[in-house]
Amino acid sequence: MEQDKGAQMSSKGDRKEEVRVLPLRVSDLKQFMYCPRVVYYQYVLPVERKVTHKMEHGQLEHLELDRLEKRRKLVEYGLDEGERRFHVHLHSDRLGLTGILDLLLVTPRGYFPVEFKYSTRDPALNHKYQLTAYAVLVEEQFGRPVRTGFLYMSPGKRIQPVDITENMRIHLRRMMGAIRRMVAEERVPARTRSGARCRDCEYRRFCGDVL
Ligand code: SF4
C-alpha cells in the first residue's frame with residue numbers, strides 16, 4: 001500500500017515535471033489565443049492538418065514581405081542606425097520556448113523585434129502577444145532589455161510599435177502555464193467563441209460542435 005502511494009506520488013511528480021518542461025513554440029501562444037483547441041490538436045491529439053488556401057497564401061505573402069522589407073529603411077521605424085538580422089532563431093531553455101523571429105533590429109538604442117503580418121486590419125491581440133514572446137526570447141538570448149517591438153502590417157506598409165509591458169509578460173507566462181496544464185491533463189478546451197475563425201480552420205473536421 002505504501003509502495004502504491006509512493007508510485008502515485010512519483011507519477012504526480014513526473015507529471016509536474018512534464019508540465020514545467022514541455023517545450024513550446026512562439027506560434028503556440030499565438031494559436032492558443034486564436035483558439036485553444038488548435039494547440040490541443042497539435043500536442044494532445046496529433047491529427048493530419050488539411051493545408052488550406054489561407055495557409056498557402058500566407059507563406060507566399062511572407063516571402064513578399066521579406067522582399068519588401070529588404071528595401072525598407074531604418075528611419076521608417078524611427079531609428080537612424082543599426083543592423084537588420086532576418087529570420088533569427090531564438091531559444092530559451094529556462095522558459096522552454098523557441099521561435100524564429102522575422103526580423104531583429106540591432107541598434108545603439110536597443111534591440112527591437114519585428115514581426116511581419118499580412119492584414120489590412122489593425123494588429124490582433126494574439127499578434128501582440130506573439131511579439132511579446134519574441135521580445136522575451138531576445139532578452140534571454142542577447143541579455144538586452146526589450147521595451148518595444150514592431151508589427152509591420154502589409155498591404156498598407158504600416159508599422160505599428162508595440163510596448164512590451166509588464167502585464168503582457170505576466171499574461172504570457174500564465175498562458176504558457178495554461179497550455180502545459182491543458183496538455184498534461186489532456187483536457188479538450190472550449191471552442192473559440194468566434195464562429196468566423198472556424199470557417200477556414202484546418203482542424204474544422206475534428207470539431208463536432210462547430211456549425
Ligand atoms: S474549427 Fe473552430 S473550434 Fe475547432 S479548432 Fe478550428 S477554430 Fe477552434
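1. In this predicted model, the hairpin of β5 and β6 has three residues between its strands, and Gly156 there takes a positive phi near 110°. The strands themselves, β5 (residues 148–154) and β6 (residues 158–163), pair in the antiparallel sense over six bridges.

2. His87 sits in strand β2 (residues 83–92). Is His87 buried or exposed? A residue with 12 or fewer C-beta neighbours inside 10 Å is classed as exposed; His87 has 10, so it counts as exposed.

3. Please have a look at Glu186 too, which is not a glycine and yet has a positive phi of about 50°. Its place is in the loop between α6 and α7. Glu186 counts as exposed because it has 10 C-beta neighbours inside 10 Å.

4. Helix α2 (residues 26–34) deserves a paragraph of its own. Seven of its nine residues are buried, so the helix is largely enclosed by the rest of the structure. The buried residues are Val26, Asp28, Leu29, Lys30, Gln31, Phe32 and Met33; note that charged residues, Asp28 and Lys30, are in that list. What do the buried residues of α2 pack against? Their partners are the strands β1 (24–25) and β3 (97–107), together with the helices α3, α5 (125–142) and α6 (166–185).

5. The packing of α2 with α3 can be described in more detail. The two helix axes come within 5 Å and cross at roughly 130°, which makes α2 oblique to α3. From α2, the contact uses Asp28, Gln31, Phe32 and Tyr34, while α3 contributes Pro36, Val38 and Val39. By class, the residues of this contact divide into five nonpolar, one polar and one charged.

6. Finally, the ligand. Which residues surround it? The shell consists of Cys35, Arg37, Val38, Arg191, Thr192, Arg197, Cys198, Cys201, Tyr203, Arg204, Cys207 and Val210. The elements giving two or more residues to this shell are α3 (36–43) and α7 (195–199). Seven of the shell residues are nonpolar, one is polar and four are charged. Val38 links this point to the previous one: it belongs to the ligand shell and also to the contact of α3 with α2.

Terms used: Residues numbered from 1 in each chain as written. Predicted model: local features only at pLDDT ≥ 70, side-chain atom pairs only at ≥ 80, totals over all residues. Near = placed C-beta within 6 Å. Helix = DSSP H or I, 4+ residues; strand = E, 2+ residues; numbered from the N terminus. Buried ≥ 20, exposed ≤ 12 C-beta atoms within 10 Å, placed from the backbone. Contact = placed C-beta atoms within 7 Å. Pairing = 2+ DSSP bridges. Axes fitted to C-alpha atoms, helices over the stretch in contact; angles between N-to-C directions. Parallel < 35°, antiparallel > 145°, perpendicular 65-115°, else oblique.
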